[in-house]
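Trainee: Hey, I've got a structure open and I'd like to talk it through. Can we go bit by bit?

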Amino acid sequence: MLPSWLAGLAAAVVFLHVLQKLAFPYFWADLWYLLKVVRYGIRLRMYEQRGELFTVLDRFLSLAKKQPQKPFIIYEGHVHTYQDVDKRTNRVAHVFLNHSTLERGDTVALLMSNEPDFVHVWFGLAKLGCVVAFLNSNIRSTSLLHCIRSCEPKAVVVGADLLGTVEEILPSLPEGITVWGMNDSVPQGVTSLTEKLSMASDKPVPRSHHVASSLKSPHLYIFTSGTTGLPKAAVISQLQALKGSAGLWAFGCTANDIIYITLPLYHSSGALLGIGGCVELGATCVLKKKFSASQFWNDCRKYNVTVFQYIGELCRYLCKQPKREGEKDHQVRLAVGNGVRSDVWREFLDRFGNIKMCELYGATEGNICFMNHTGKIGSIGRTNFFYKLLFTFDLIKYDFQKDEPIRNEQGWCIHVRKGEPGLLISRVNEKNPFFGYAGSKKHTEKKLLCDVFKKGDVYFNTGDLMVQDEENFLYFWDRIGDTFRWKGENVATTEVADVIGMLDFIQETNVYGVAVSDYEGKAGMASIILKQNKSLDLEKVYEQVVTFLPAYACPRFLRIQEKMETTGTFKLQKFQLVEEGFSPLKISDPLYFMDNLKKSYVPLTKELYNQIMLGEIKL
């Protein structure tokens, strides 16, 4: 028999354990996650106090010495070890050191598809202390010129498969920019980087070229549409790159994992979380030029993949593939990403096995992130007392008609109740800075809300609406402003409107996103007013958008109106248009659908609408 005091203690322990499970079911998961975050923060602070500013590049260089023969990148069956990548990046650095006028702090734009040389050029230029601007490989013409001008590079490095895209804009490039091509044969006016690399030294470049003076100094520019118009170059500091690289580690990935990256490297998810995450872990990544749903699981089995990165569309595409035998026959244990719907999440797990889905949230330029460390289906993360100690954020009421936060009689913003959608804002301070955008300060200022709850406070406006439930889980609800998301990309409505508005028969264009059944994000739709005495040329509209816009930004639907409503600040009203969607059953205005086979927009009939809604016509 146990002594009565010991029996009582045991009963109390059991009672407290049951009470914790009922009242605070996520206590230990929250605490464990917090300890990981704090541990990483302490590590960064210790480096700083010792006067050692340890960057992602420094971590890579230490791994190249520690594990030189370990595979770092596997691409199309070819293995590139940590030593191989280190030597190749040395060659890149020596080429620009000896054959250019680049100096520490200069910007170089990189236009390249997913391939090892993307990493080689990125790290090679980083070894010279240059800031690398990642250009979206889908954009071209006016949009590409806009991005190049906005980041003010001294040079542009272009992948072999994209030389034709750059050749079109060579005469319009700002004076003083040199263009380098990753090919032996390059257009006139372009220097062959491949040719120079073959003769360059692979000896290390002195660390003095790249040693960071501050973790707040720029490391990269990554373009984002945000919520305010044309793409802008978000400043990614050394600190942000380090934080991004810790994401895979925070979700439980290790050096033994093999990580499959099919997302584009010009995005923060592929570059910072993916490549940076592999560097932080000392792991191996399998890099794919472009995502292929039909090859996905074969690649996972071939390369023994244990972790993959996703966006919501990727998981949906995999679920749409014809079912095959042995779909659970793989070694994948974790999937890290964002944007997967609850129904797709459940279907994915049922079909492909016990894979932990690690959903996260974070804007490229933002100062806040959430990580769903508990695996709650549909949630982007969770907040709690511990989290609030590290990050100050709020969900505030938003006026959809006026397209602005609601303020009370005293002029302060208003908190939403749990279960009610609100605009996510994050406090900007020394601990959680906002580094803004390259170029004009007005773009940075537009993303900030001032005097939110008291005089002088400043918050970063994420442009995303969230809902917080009774258990403090957060769920993405919608985006606001002048962008929407489609095919995993942000579409800038003003950019699309400007392109359509160049046509001589168009008076006014209002672009917005509309929900389509079974699709992630929103499909593009343009409401158009024609000039007086002008007729609509549907083939010309089609030709215009496919020539000047990337495929994901081309509006799938057109609506012809006689007049457009505006807000109190004279902005074009989108709210009602979004609500009405593209249904010919609800809308009496002429509607048209983008037909790639006919290379034109065609009338959107009830029959065509039903086919789209049933999934018989792909968007």
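Trainee: Leaving aside neighbours within four places in sequence, which residues is Val 157 in contact with?

Mentor: Val 157 touches Phe 96, Val 108, Ala 109, Leu 110, Leu 111, Met 112, Val 121, Trp 180, Met 182 and Leu 193. Contact here means heavy atoms within 4.5 Å. Before we go on, a word on the model: it is predicted, so local features need pLDDT of at least 70 and side-chain atom pairs count only at pLDDT 80 or more, while totals for chains, interfaces and linings use all residues. Residues are numbered from 1 along each chain as its sequence is written, and side-chain values use heavy atoms, with hydrogens and water left out.

Trainee: Got it. And how many residues are in the largest nonpolar core?

Mentor: The largest nonpolar core has 74 residues, and Phe 72, Phe 134 and Val 157 have the most contacts inside it. A second, separate core has 72 residues, including Val 158, Leu 162, Val 491 and Leu 619. By nonpolar core I mean a set of buried Ala, Val, Leu, Ile, Met, Phe, Trp, Tyr and Cys residues joined through side-chain atoms within 4.5 Å. Buried is under 20% relative accessible area, exposed is over 50%, and partly exposed is in between (1.4 Å probe, protein chains only).

Trainee: OK, new topic. How many salt bridges does the structure hold?

Mentor: It holds 18 salt bridges. A salt bridge is a side-chain nitrogen of Lys or Arg within 4 Å of a carboxyl oxygen of Asp or Glu. One of them joins the side chains of Lys 127 and Asp 86, at 2.6 Å from N to O. That pair links distant parts of the chain, 41 residues apart: Lys 127 is in the loop between helix H5 (116–126) and strand S4 (131–134), and Asp 86 is in helix H4. Helices (H or I, at least four residues) and strands (E, at least two) are DSSP runs, numbered from the N terminus.

Trainee: Is Asp 86 buried or exposed?

Mentor: Asp 86 counts as buried because its relative accessible area is 17%. Lys 127 is buried too. Not counting residues up to four places away in sequence, Asp 86 touches Phe 60, Leu 61, Ala 64 and Lys 127.

Trainee: Which residue does Lys 154 meet in a salt bridge?

Mentor: Lys 154 meets Asp 106, with 3.3 Å from N to O. They are 48 residues apart, with Lys 154 in the loop between H6 and S5 and Asp 106 in the loop between H4 and strand S3 (107–111). Lys 154 is partly exposed at 43% relative accessible area, whereas Asp 106 is buried at 12%.

Trainee: And what about Asp 589 and Arg 559, how far is N from O there?

Mentor: Their side chains meet at 2.9 Å, N to O. Asp 589 lies in the loop between helix H19 (575–580) and strand S29 (591–595) and Arg 559 in strand S28 (residues 557–560), so the pair ties together parts 30 residues apart in sequence. Salt bridges that share partners also join Arg 559, Glu 580 and Asp 589 into one network. Arg 559 is buried, with a relative accessible area of 6%, and Asp 589 is partly exposed at 22%.

Trainee: Switching to backbone angles: what is the phi of Glu 152?

Mentor: Glu 152 has a positive phi of about 50°, although it is not a glycine. Most residues other than glycine have a negative phi. Glu 152 sits in the loop between helix H6 (141–151) and strand S5 (155–158), and it is exposed, with a relative accessible area of 62%. Asp 451 also isn't a glycine, and its phi is positive, near 50°. You'll find Asp 451 in the loop between strand S21 (448–450) and strand S22 (458–468); it is partly exposed at 24% relative accessible area.

Trainee: Last one: which residues of helix H17 are buried?

Mentor: In H17 (residues 493–501), Thr 493, Glu 495, Val 496, Ala 497, Val 499 and Ile 500 are buried. What covers them includes H6, strand S24 (483–486), strand S25 (489–492), strand S26 (506–514), strand S27 (523–530) and helix H18 (538–548).
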